[in-house]
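Hi,

Here is the structure I promised to pass on. Have a look at it, and my notes follow below.

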Amino acid sequence: YSAVFILLSGVDHLACIIFQDTYNYYIECHQNPFRWAEYAVSASLMRVMIAELSGVTDVHLLWCLFALAALTMLLGGIHESVNAKARADNLKQNWYPFFVSWLAHLASWLVIFNYFFVSVSEGNPPGFVWAIIFILFLLDGTFALLFTLQWLKIGRFSDYVVGEKGFILLSFTAKALLAWINYGGGSR
């Protein structure tokens, strides 16, 4: 999984370079559909990987977790597309997509934590699994916080590009940490 979601991130950044005019147009319009399309797949694969490390083995449940994570990301993109003009013109935004995304987000993490703590009660999972669960859960929350700061235009985040750079940094950090923690812990 690690190689795939890191590759997807690379493909997304390459697409932003190849289609730079389109990317810049969307950034000026306060949205980045490139990011949300990539996150819909890469974040979903990351969630499946975390779920499997937590003890989820049922392929149907893993597919549902993938779909819930993808839905969360796609709703982020919908929020941007619905509210881009309102953000640019300092008008009231429709936060419904953002709040609905929390249902899918929390539902998937609830399943992961449930399986993880069941496996804790049956034996002690390796330390790297503990690290992955809690670090990635916190990083996921940081994405939502960044999104909120960006869309409420708080402080430096009144500039959409500052939030965009934050997403790039957070995405790289989350993917690299997950890959390295899994590689380091799983290779022992």
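A residue counts as buried under 20% relative accessible area, exposed over 50% and partly exposed in between, with a 1.4 Å probe and protein chains only. By that scale Val 100 is partly exposed, because its relative accessibility is 24%. Val 100 sits in helix H5, helices being DSSP runs of H or I with at least four residues, numbered from the N terminus. Val 100 and Gly 76 are 24 residues apart in sequence, with 9.7 Å between their C-alpha atoms.

Please keep in mind that this is a predicted model, where local features need pLDDT of at least 70, side-chain atom pairs count only at pLDDT 80 or more, and totals for chains, interfaces and linings use all residues. Residues are numbered from 1 along each chain as its sequence is written, and side-chain values use heavy atoms, without hydrogens and water.

Now to the packing. H3 (residues 33–54) and H5 (residues 96–122) meet at about 25°, their axes 8 Å apart; the axes are lines fitted to C-alpha atoms over the stretch in contact, with angles from 0 to 180 degrees between N-to-C directions. The two helices are therefore roughly parallel, a term for angles under 35 degrees. Contact means heavy atoms within 4.5 Å, and the H3 side includes Arg 47 and Ile 50, while H5 brings Trp 109 and Ile 112 among others.

Leu 136 is also worth a look: beyond residues up to four places away in sequence, Leu 136 touches Met 46, Ile 50, Trp 109, Ala 131, Ala 174 and Leu 178.

Best wishes

Technical notes. Parallel < 35°, antiparallel > 145°, perpendicular 65-115°, else oblique.
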